[in-house]
Amino acid sequence: MGGIRGLHGVQQGLLLLATGFMALWIERLVTVALAVQQGIDVTHTLSVLILTAPREVWVDCSCVVGIYLAGPLVCLVLGALLLGLYPLYATAPPWIRQVGMLLGIHLMVRFLGGWAAGIVAEEGLYYAMAWLYWPAALQNTIAFLEGAAAFVLGYAIRTRLFLALAYTEAYLAKKRVALDTLVYYVLPLLFLLPLEVAFYWPDRYDIFQVGFYGLTFLLVLAPALWGQRLMEAQGFLLPDEEDELPYRFHPAIAGGAGLVAVL
């Protein structure tokens, strides 16, 4: 059973990576579309978008805040829709439910973790608010509150995380899935973070950003990991050894997710 869990963990890691890149590109496409509309040159690198225009262009268009804020706001709205409308695709195959849930979380994290990530790199949401002369203390407070909001989000969707894995309400009522939280969510994320750090090395700003996004994602997962204490009325119990794992490893799904990440 341990080997099966390991294969499932690999599949989850690839789905996490693919949906993470999808969320990133959604945010960037919105930013690029608005910048191009305003006649601002866009240079894309592996880690950042560089928007270039004379200062008078930025002043005349009055679009700095809109350009840098639109991408995260679109991610926030789309992520909330994907997570909130889960019942509409709850009967779809498990891999579709997983893509919907993971993409929804990644989109929310692009906003909730974006402020802290932007502060360390002085870009994105930070740049938009700095243009409005928001003081650093206020921005740091907002970043902290958004971290707390990530934890609240995880608490709100804790059951859906496992329903998406093909568990049932009855199964969750009598089983504890803290171990599955580790195998299917936390460990794949912790495995991916060092890879991303190595990818962006030695640009410390990008590394800090990766760290803040990863921390925000972990805050979303925390309520599910500590489900027994936080959800005593719906306490999760470790699956019995004879119970068959409901989630399945599909090589085609894992390969497709890996291909999306590479592309």
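Guide: Let's begin with Thr52, which lies in strand S2 (residues 49-52); helices (H or I, at least four residues) and strands (E, at least two) are DSSP runs, numbered from the N terminus. This is a predicted model, where local features need pLDDT of at least 70, side-chain atom pairs count only at pLDDT 80 or more, and totals for chains, interfaces and linings use all residues. Residues are numbered from 1 along each chain as its sequence is written, and side-chain values use heavy atoms, with hydrogens and water left out.

Thr52 counts as partly exposed because its relative accessibility is 42% (buried means under 20% relative accessible area, exposed over 50%, partly exposed in between, with a 1.4 Å probe and protein chains only). Setting aside neighbours within four places in sequence, Thr52 is in contact (heavy atoms within 4.5 Å) with Ile40 and Asp41. Val42 is 10 residues from Thr52 in sequence, with 6.4 Å between their C-alpha atoms.

Now to the cores. A nonpolar core is a set of buried Ala, Val, Leu, Ile, Met, Phe, Trp, Tyr and Cys residues joined through side-chain atoms within 4.5 Å. The largest one has 34 residues, and Met101, Ile105, Leu161, Tyr185 and Phe217 have the most contacts inside it. Helix H4 (94-112) is among the elements giving two or more residues to this core, and H4 supplies its largest share, 7 residues. A second, separate core of 8 residues includes Ile40, Leu51, Trp58 and Ile67.

As for pLDDT (the predictor's confidence in each residue, from 0 to 100), the protein chain averages 75.
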